[in-house]
Amino acid sequence: MPTRWFFETLHRHVRQGLAVGKVVAQRRTPFQKLQILETMAYGRALVLDGVVQTTERDEHIYHEMMTHVPLCAHPKPRCVLVIGGGDGGIVREALRHPTVERVVMVEIDPEVIRFCRRHLPAICQGAFEDKRLQVVAGDGARYVRSTGERFDVAIVDSTDPIGPARVLFQTAFYRDVARVLRRRGVAVRQTGSTFLQSRELDEAASRLRRVFRVVAPYLAAIPTYVGGFFGFLFASDRIQPARATLARLESRYRCARLACRYYTPAIHRACFVLPASLKA
Ligand code: SAM
């Protein structure tokens, strides 16, 4: 039987092709086209509007770096806000922290959650059953504009700045995120490939700098996301990530009894060291 190929349509001049064993499930929702594919190289993959969101084989790198960098940088994270994140990987990692009492996930497309719980359980690993989690079906920008709740950490795990996520890359959204953060609050967001989507990193960094005193890029290499280093942005008014000593990060890692597959206190320190070309 000839191999079936899926070609990702994210980058204009670069195409990633994945050999597909089967299409596990697919549906067009009011927000986007949703597919779960069984790929030969990366296991099951969540694809939204032709763009690979996450895969079983290396999702831990992305989810650990999006979650433990801000939660271990914060002295005692109790309330966490997740915008997007319908596959459940971020909430899974946040709920591993014993100090965390409450996680609110605001996901615009409840079908993503339903599909991932059913067809991609290796990522959420039962996190949606945790009593500390509240799921809000709705637009993340509207939520931060109107909520009275306050958070220690806000994690923006959205799709790229097209379609329903476009509003999550605007300065007004970042202002509202700052509004719902407590005094020592931290926000993080992904900004895609630092090589193929460099404008996304620059634009997000300059918009965040209009709102937060401290904005620091950090990096990780995630094979599913082609284009070299993958970029993240750390933003806060009080916490300077480079000031966290290795000893303090190691003690927080021990206290939280974390045993991660990628994230370590040393990686935490190293990921903020940028190549000269990326000094954003
Ligand atoms: N890790 C992936 C990445 O880096 O591309 C993101 C994965 S996560 C599944 C992205 C989620 O953001 C999707 O489930 C999508 O429905 C959600 N989303 C997009 N726009 C949103 C909005 N305005 N408010 C809340 N969730 C949104």
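Which residues lie nearest the centre of the largest pocket? Pro161, Leu196, Gln197, Arg199 and Glu200 do, within a lining of 20 residues. A pocket is an open set of points on a 1 Å grid over the protein atoms alone, with protein on both sides within 12 Å along at least five of seven lines, whereas a cavity is a set where a 1.4 Å probe fits but cannot get out; lining residues have an atom within 4 Å of a point. The model is predicted: local features need pLDDT of at least 70 and side-chain atom pairs pLDDT 80 or more, while totals for chains, interfaces and linings use all residues. Residues are numbered from 1 along each chain as its sequence is written, and side-chain values use heavy atoms, without hydrogens and water.

The largest pocket holds about 500 Å³ of space, a volume being the space filled by probe spheres set on the grid points, which are joined across faces, edges and corners. Its lining comprises 8 nonpolar, 5 polar and 7 charged residues. The second largest pocket has a volume of about 160 Å³, and its lining includes Arg184, Arg238, Arg243, Arg248 and Arg252. By class, that lining has 4 nonpolar, 1 polar and 5 charged residues.

The count of cavities of 30 Å³ or more is 2. The largest cavity has a volume of about 460 Å³; 38 residues line it, with Gln53, Asp157, Ser158, Thr159 and Asp160 closest to its centre. Strand S5 (51–55) gives the largest share of this lining, 4 residues. The lining contains 16 nonpolar, 16 polar and 6 charged residues.

The ligand takes up the space of the largest cavity. Around the ligand are 25 residues, of which Gln32, Glu107, Asp139, Gly140 and Pro164 are the closest; a residue counts as near if one of its heavy atoms lies within 4 Å. Polar contacts (pairs of N or O atoms within 3.5 Å) involve the side chain of Glu107, at 2.6 Å from a ligand oxygen atom, and the side chain of Gln190, at 3.2 Å from a ligand oxygen atom. A backbone N or O atom of Ile108 is 3.2 Å from a ligand nitrogen atom. Of the 600 Å² of accessible area that the ligand has on its own, the protein covers 99% (Shrake-Rupley method, 1.4 Å probe).

The second largest cavity, of about 60 Å³, is lined by residues including Phe173, Tyr174 and Leu208. Its lining divides into 9 nonpolar, no polar and 1 charged.

How values were computed:
A polar contact is a pair of N or O atoms within 3.5 Å; within protein, one must be able to donate a hydrogen and the other to accept it, and residues adjacent in sequence count only if both atoms are side-chain atoms. A molecule sits in a cavity or pocket if more than half of its atoms lie within 2 Å of its grid points. Ala, Val, Leu, Ile, Met, Phe, Trp, Tyr, Cys and Pro count as nonpolar, Asp, Glu, Lys and Arg as charged, and the others, Gly among them, as polar. Helices (H or I, at least four residues) and strands (E, at least two) are DSSP runs, numbered from the N terminus.
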